[in-house]
Amino acid sequence: MTPARKKRLFLIFLMVAGVSVGVGLALKSLDENIMFFFTPTEVMAGEAPPNKLFRMGGMVVNGSVSRPGDGLTVQFDLTDNKQQVTVRYAGILPDLFREGQGIIANGKLNERGEFVAQEVLAKHDENYMPPELAGMHKEGEVQQ
Amino acid sequence: MFLWFHKLGSPPHFYRIAGKWIPWLTWIFLILVAAGLYGGLILAPPDYQQGESYRIIFVHVPSAWMSMFIYVTMAFCAVVIIVWRMKLAEVVLISSAPIGASFTFLALVTGSLWGKPMWGTYWVWDARLTSELILLFLYLGVIGLHNAIEDKRVAARAVAILALVGVVNIPIIHYSVEWWHSLHQGASLTKFDKPSMPPSMYIPILIMALAFQFYYALTLFHKCRVELLQRERNSKWVKEL
């Protein structure tokens with residue numbers, strides 16, 4: 001390789017390294033804004049912004065889904081297996097919403113510490129399987 | 001090997017070789033895409049939660065992979081352009097951009113169509129979706145910048161720098177679902193872990209990914225041939241054609 005080419009290769013390397021460090025630092029400082037949601041533990045610890053809309057993600061606690069009052073409002077508990085927060089929501093739930101499913105709710109806390117959601121999104125995990133196999137998994141859990 | 005590579009770098013030689021390969025690539029692509037779609041849409045079982053809707057994965061995941069693969073190829077060409085000033089690399093870089101942009105667009109659209117029934121929304125500004133959208137803008141930037149500069153050789157060098165700056169986005173897209181809480185799920189297929197789906201589902205995805213690679217190669221060859229003819233229209237070998 002000629003010296004001129006070596007120099008150009010080195011300059012490229014320097015440029016890519018520089019841009020990477022710059023972007024890395026920018027993302028690091030924006031970390032909280034890129035985080036799509038808070039976990040119930042973070043919400044209970046008061047890390048979520050008060051009186052402002054934020055997203056909370058977790059699993060719907062088994063057996064916690066109920067429709068109190070008018071039948072339009074859904075109430076359920078959301079957990080990250082450490083803490084849980086009660087969520088109230090009036091609106092259409094996505095197809096994947098069910099007990100034990102990961103969801104993300106957008107809303108704010110009311111004075112009773114309940115999370116009043118304006119939007120509920122289902123979070124799908126990376127597991128895909130045929131229905132027969134899923135049936136076997138459930139039975140396995142019951143036996144345990 | 002080096003000699004072969006060196007020869008391939010000469011425009012008339014590449015023009016001839018590419019012309020010979022195109023019919024083969026087309027056939028392999030057609031066979032693979034037929035096999036992948038049959039495996040994905042007919043043989044593969046429905047998902048236990050999403051039912052039939054998950055089948056968009058057979059287009060979505062391979063096109064998302066291609067969107068990143070093509071960008072990395074372009075970045076590699078960019079290094080060759082800046083260091084070695086190789087003409088063929090310039091042609092490959094600029095011919096790849098529209099193909100990469102199309103795959104990125106396809107990944108965004110298919111993901112969005114899946115997102116509405118499954119997540120409950122077409123679009124959210126989470127890290128994975130946003131970084132993939134930035135990738136689309138990078139591709140469009142490369143195309144726009146190339147068209148804005150009259151002298152093709154100067155244009156290629158400018159575009160190479162843009163492509164190299166943009167390459168930082170690739171690891172961000174890949175790791176976005178691990179670094180941040182995102183609505184987009186993590187990877188089901190990774191190199192090191194056991195895939196979190198049965199073979200009847202991931203084999204069609206891999207076949208489709210291979211099919212898309214061949215599609216990229218064959219469109220790239222077509223576009224490169226056209227680009228070469230345009231650039232070298234005054235040279236002896238083009239006049240002799």
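## Overall size of chain B

Along the principal axes, the C-alpha atoms of chain B fill a box of roughly 65 × 35 × 30 Å.

Please keep in mind that this is a predicted model, where local features need pLDDT of at least 70 and side-chain atom pairs count only at pLDDT 80 or more, while totals for chains, interfaces and linings use all residues. Residues are numbered from 1 along each chain as its sequence is written, with chains lettered from A and ligands numbered from 1 in the order in which they are written.

## Fold and packing

Chain B has nine helices and zero strands (DSSP runs of H or I with at least four residues, or of E with at least two, numbered from the N terminus).

In chain B, 39% of the 241 residues are buried (20 or more other C-beta atoms, placed from the backbone, within 10 Å of a residue's own). Among contacts with a separation of 6 or more, 77% join residues 24 or more positions apart; a contact here puts two C-beta atoms, placed from the backbone, within 7 Å.

## Where chain B meets chain A

Here 33 residues of chain B are in contact with 32 residues of chain A. Helices H3 (57-84), H4 (87-118) and H6 (152-166) of chain B each give two or more residues to this side, and H3(B) gives the most, with four.

The side of chain B that touches chain A has 22 nonpolar residues, nine polar and two charged (nonpolar: Ala, Val, Leu, Ile, Met, Phe, Trp, Tyr, Cys and Pro; charged: Asp, Glu, Lys and Arg; polar: the others, Gly among them).

Key
Buried ≥ 20, exposed ≤ 12 C-beta atoms within 10 Å, placed from the backbone.
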